[in-house]
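Please examine the structure shown below together with its sequence. The report that accompanies it is written for a reader who is new to protein structure.

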Amino acid sequence: MSSESTSHTLDAPRLDNPLAVTIAGLTFKNPVIPASGTFGYGLEFLPFFDLSRLGGFCTKGLSPQPLKGNPPPRIVETPAGMLNAIGLQNIGVRAFVAEKLPLLRAYDTHVIANVFGFSIEDFLEVVAVLDDAEGVSAYELNISCPNVKEGGTQFGNDPRLAARVTEAVKNRARRPVIVKLSPNAPSVVEVARAVEQAGADALSLVNTFVGLSIDVYTHRPRLGFTTGGLSGPAIRPLAVRMVYEVSQSVGIPRLGMGGITNWMDALEFILAGATAVQLGTINYTEPCAALHVIEGLETYCREQGTTIPALVGAFRPHAVSPVTEPASHQAGS
């Protein structure tokens, strides 16, 4: 596939496609995006389906230098979810550009590079390397990392720090900047407002919740890092609520995530105010989950005579109208 044909397909809206959405000037053929940290570098899922069927996907977090991550065990199952403490293991941004990105350019999908660092300089170094590479559509800033230069406070927990890293990257980047918000901040709405004012083009929310699992026989943590990030269906109502609250406070697009397992879960986030959704934990157990969500959303839109853009933020908090769902709309169908 030539770069010319890929660019045309990615950026030209299709009027006959009810799933097409626009975020930060980029047209996505559908609003379904596998989330960072759960989809590798995308290439790992080629045995299961063609990446071109996705609206886009987020890479593993990329740092200036390779990281080995945390000691095992790194993942623990929990009721309706899991705790993970991978430790941001990755091959480093330069290896990604040299080894992975050339292969990804063959697919008609948006590659969103997740970027993280332990200082603002780290973020800027990663973005500088990516800016010189072809095949990346946007950057997603993981600000749920400690700022080692200012006492270890997480960028995402402090509106001031979140705004500083956002502004610094926006001043350097030549591609749209999406900021991924932490649900562990005292006020996710305040952080959202701060990064919007600092120039963010869109928001991803939410990242994982901090959790702890204890082995009752050894009295020790089940994770090598002690605490971990809680994800999966258990957090979905919390994440939907946060997307709704943030959507009432900012004007830039939102990408919602947190425990999505089927198309109805995804539609909840869209109704709450998300322009697109990200799938995370479900990718571990159902590698083709993204395709099922896309197909379910398309069926719903065509049967209801609507589009995804028309459904964004259509939630009516004070209207109750029980409706019997058609059999074809049941989760998992």
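Predicted model: local features only at pLDDT ≥ 70, side-chain atom pairs only at ≥ 80, totals over all residues.

## The open parallel sheet

Strand β9 (residues 177-180) runs parallel to strand β10 (residues 202-205), and three bridges join them. V179 has L203 in β10 as its bridge partner.

## A hairpin and its neighbour

Strands β5 (residues 75-78) and β6 (residues 81-84) pair in the antiparallel sense, over four bridges. In this pairing, I75 has N84 in β6 as its bridge partner. Together β5 and β6 form a hairpin with two residues between them. In the turn, A80 has a positive phi of about 60°.

Strand β6 also pairs with β14 (residues 227-231); the two run antiparallel and are joined by three bridges. Here M82 stands opposite S231 in β14.

Two packed helices are described by the angle between their axes and the distance between the axes. Helix α2 (residues 93-104) packs with α3 at an angle of about 20°, and their axes are 9 Å apart. Because angles under 35 degrees count as roughly parallel, α2 is roughly parallel to α3. The crossing of α2 past α3 is right-handed. On the side of α2 the contact is made by V93, R94, F96 and V97, and on the side of α3 by E125, V126, V129 and L130. By class, this contact of α2 with α3 has six nonpolar, no polar and two charged residues.

Helix α3 (residues 120-131) also packs with α4 (residues 159-172), at an angle of about 25° and with the axes 10 Å apart. That angle makes α3 roughly parallel to α4, and α3 passes α4 in a right-handed crossing. The contributors from α3 are I120, F123, L124, V127, A128 and D131, while α4 supplies R164, V165, A168, V169 and R172. Of the residues in the contact of α3 with α4, eight are nonpolar, none is polar and three are charged.

## Helices α7 and α9

At what angle do the axes of α7 and α9 cross? The axes of α7 (residues 263-272) and α9 cross at roughly 65° and come within 8 Å. Since angles of 65 to 115 degrees count as roughly perpendicular, α7 is roughly perpendicular to α9. The crossing of α7 past α9 is right-handed.

W263, A266, L267 and I270 of α7 meet V293, G296, L297 and Y300 of α9 in this contact. The contact of α7 with α9 has seven nonpolar residues, one polar residue and no charged residues.

## The buried side of helix α5

Helix α5 (residues 188-197) has V188, V189, V191, A192, A194 and V195 as its buried residues. The elements that cover these buried residues of α5 include α4, β9, β10 and α6. Just after α5, G199 takes a positive phi of about 110°.

## Two residues compared with the cut-offs

Is Y244 buried, exposed or partly exposed? Y244 lies in helix α6 (residues 236-247) and has a relative accessible area of 25%. Leaving aside residues up to four places away in sequence, Y244 touches A272, F315 and P317. The C-alpha atoms of Y244 and D122 are separated by 32 Å, and these residues are 122 places apart along the chain.

Q248 is found in the loop between α6 and β15 (254-257). Its relative accessible area is 55%; because exposed means over 50%, Q248 is exposed. The C-alpha atoms of Q248 and I91, residues 157 places apart along the chain, are separated by 38 Å.

Technical notes:
Residues numbered from 1 in each chain as written. Heavy atoms only, no water. Buried < 20%, exposed > 50% of the residue type's maximum accessible area, 1.4 Å probe, protein only. Contact = heavy atoms within 4.5 Å. Pairing = 2+ DSSP bridges. Axes fitted to C-alpha atoms, helices over the stretch in contact; angles between N-to-C directions. Parallel < 35°, antiparallel > 145°, perpendicular 65-115°, else oblique. Left-handed = near helix turned anticlockwise from the far one by under 90°. Nonpolar A, V, L, I, M, F, W, Y, C, P; charged D, E, K, R; others polar.
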